[in-house]
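Here is a short briefing for a first look at this structure. Keep the sequence and the model side by side as you read.

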Amino acid sequence: MAGRTPPHQLTKPVGTITRGTTGVNRLRRSDRWLIHDELVTTRLRDTADPLVVDLGYGASPWTTFELAARLQRVRADVRVVGLEIDPQRVVPSRDGVAFARGGFELAGLRPVLVRAFNVLRQYPEAAVPDAWSTIRSGLAPDGLLVDGTCDELGRRCAWVLLDRAGPRSLTLAWDPFTVERPSDIAERLPKVLIHRNVPGEPVHTLLAAADRAWARAAPLAPFGPRVRWRAAAEFLHAEGFPVRRYRRRLRDNVLSVPWWAVEPTATG
């Protein structure tokens, strides 16, 4: 309708301004996972409106442009909107990517995919459920949310995949050549889990088992860390951990499990 006010001008941003640190190619590991994950790619291909929101892209929008370029391999007509709660970080639209002011309310948009990396890490743990609920309520019916954290160079990453019903999985991804053991990723666990890496919590049990499997696979070290990790992941699976098996060769070492395998205890 002519004269209609854009959604981002009708809603008040929900959230607080974060530090906004970013870097070129910092989110490459999660992007690689997104463009190969069957659930994510199916949702992108099947939706009538392939709208994706990069929430809290930071002081520079490089990772938003990178996300758009990578998702175009899945669907050429994907639309990416970068949202920032700090109005000074909102930049002009460019290269087919739009930018607007917005927070957890998603500026009134209804995306099929939201990526929120290094956003909730700067909030208290108690704020996570409400933030998740607000974002999920704004998703398209088949929409997905990726809530993740990574280090400054993107060598260690971890993220939770959620849909409108709640969390579905936890995935850890790391550079095979610069990370010594799987538990080193603990410092980059998403906010919902980072304080739960203690004895008695499922995520601690998983990481400890991953380290044992990694040590058990040490005889394969001469063949490289990727070969060694594939063997370690098989050891984990044989021990009863519901580790996702990947049929394709991976550039990164990846450990992915269903959410129920790491869900925090009620008394944690």
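**Overview**

The structure holds 21 salt bridges; such a bridge is a side-chain nitrogen of Lys or Arg within 4 Å of a carboxyl oxygen of Asp or Glu. The model is predicted, so local features need pLDDT of at least 70 and side-chain atom pairs count only at pLDDT 80 or more, while totals for chains, interfaces and linings use all residues. Residues are numbered from 1 along each chain as its sequence is written, and side-chain values use heavy atoms, with hydrogens and water left out.

- Side chains of opposite charge can pair when their charged atoms come close.
- Glu-125 bridges to Arg-196, with the closest N and O atoms 3.1 Å apart. This pair links distant parts of the chain, 71 residues apart: Glu-125 lies in the loop between S4 and helix H4 (128–137), and Arg-196 in the loop between H5 and H6.
- Helices (H or I, at least four residues) and strands (E, at least two) are DSSP runs, numbered from the N terminus.
- Glu-125 counts as partly exposed, at 25% relative accessibility. Arg-196 is buried, at 13%. Buried means under 20% relative accessible area, exposed means over 50%, and partly exposed lies in between (1.4 Å probe, protein chains only).
- Arg-196 also forms a salt bridge with Glu-201, at 3.2 Å from N to O. Both Arg-196 and Glu-201 are buried.
- Arg-89 and Asp-86 meet through their side chains in another bridge, at 3.6 Å from N to O. Both Arg-89 and Asp-86 are buried.
- A network of salt bridges links Asp-31, Asp-54, Glu-66, Arg-70 and Arg-115.

**Helix H3**

- H3 covers residues 62–71, and eight of its ten residues are buried.
- Two members of the salt-bridge network, Glu-66 and Arg-70, are among the buried residues of H3. Also buried are Thr-63, Thr-64, Phe-65, Leu-67, Ala-68 and Leu-71.
- Which elements do the buried residues of H3 pack against? They pack against helices H1 (28–34) and H2 (38–46), and against strands S1 (51–55), S2 (79–84), S3 (97–101) and S4 (113–117).

**Helix H7**

- H7 (residues 225–238) has 14 residues. From its first C-alpha to its last, H7 reaches 20 Å, close to the 20 Å expected at 1.5 Å a residue. The expected span is 1.5 Å times one less than the number of residues.
- The buried residues in H7 are Pro-225, Arg-228, Trp-229, Ala-231, Ala-232, Ala-233 and Leu-236.
- These buried residues pack against strand S7 (166–174), helix H6 (202–216) and strand S8 (253–258).
- Gly-240 follows H7, and its phi is positive, near 100°.

**Nonpolar cores**

- A nonpolar core is a set of buried Ala, Val, Leu, Ile, Met, Phe, Trp, Tyr and Cys residues joined through side-chain atoms within 4.5 Å.
- The largest core has 53 residues. Those with the most contacts inside it are Leu-55, Trp-132, Leu-172, Trp-229, Leu-236 and Leu-255. Helix H6 gives the most to this core, with seven residues.
- A second, separate core has 29 residues, including Leu-27, Leu-34, Tyr-57 and Leu-250.
- Trp-132 is in contact (heavy atoms within 4.5 Å) with Leu-120, Leu-145, Asp-147, Val-160, Leu-162, Pro-167, Val-192 and Trp-259, leaving aside neighbours within four places in sequence.

**Leu-193**

- Leu-193 sits in helix H5 (residues 191–194). Leu-193 is buried, at 0% relative accessibility.
- Leu-193 touches Leu-170, Val-203, Trp-259, Val-262 and Pro-264, not counting residues up to four places away in sequence.
- Leu-193 and Val-203 are ten residues apart in sequence and 7.4 Å apart in space, C-alpha to C-alpha.

**Asp-252**

- Asp-252 lies in the loop between H7 and S8. Asp-252 is buried, at 7% relative accessibility.
- Its side chain makes polar contacts with the side chains of Arg-29 (2.4 Å) and Arg-32 (2.8 Å).
- A polar contact is a pair of N or O atoms within 3.5 Å; within protein, one must be able to donate a hydrogen and the other to accept it, and residues adjacent in sequence count only if both atoms are side-chain atoms.

**Cysteines**

- How many disulfides are there? The count is zero, where a disulfide is a pair of cysteine sulfur atoms within 2.5 Å.
- The sulfur of Cys-150 is 4.6 Å from the closest cysteine sulfur, in Cys-157, and that is too far for a bond.
- Cys-150 is buried, with a relative accessible area of 0%. Cys-157 is buried, also at 0%.
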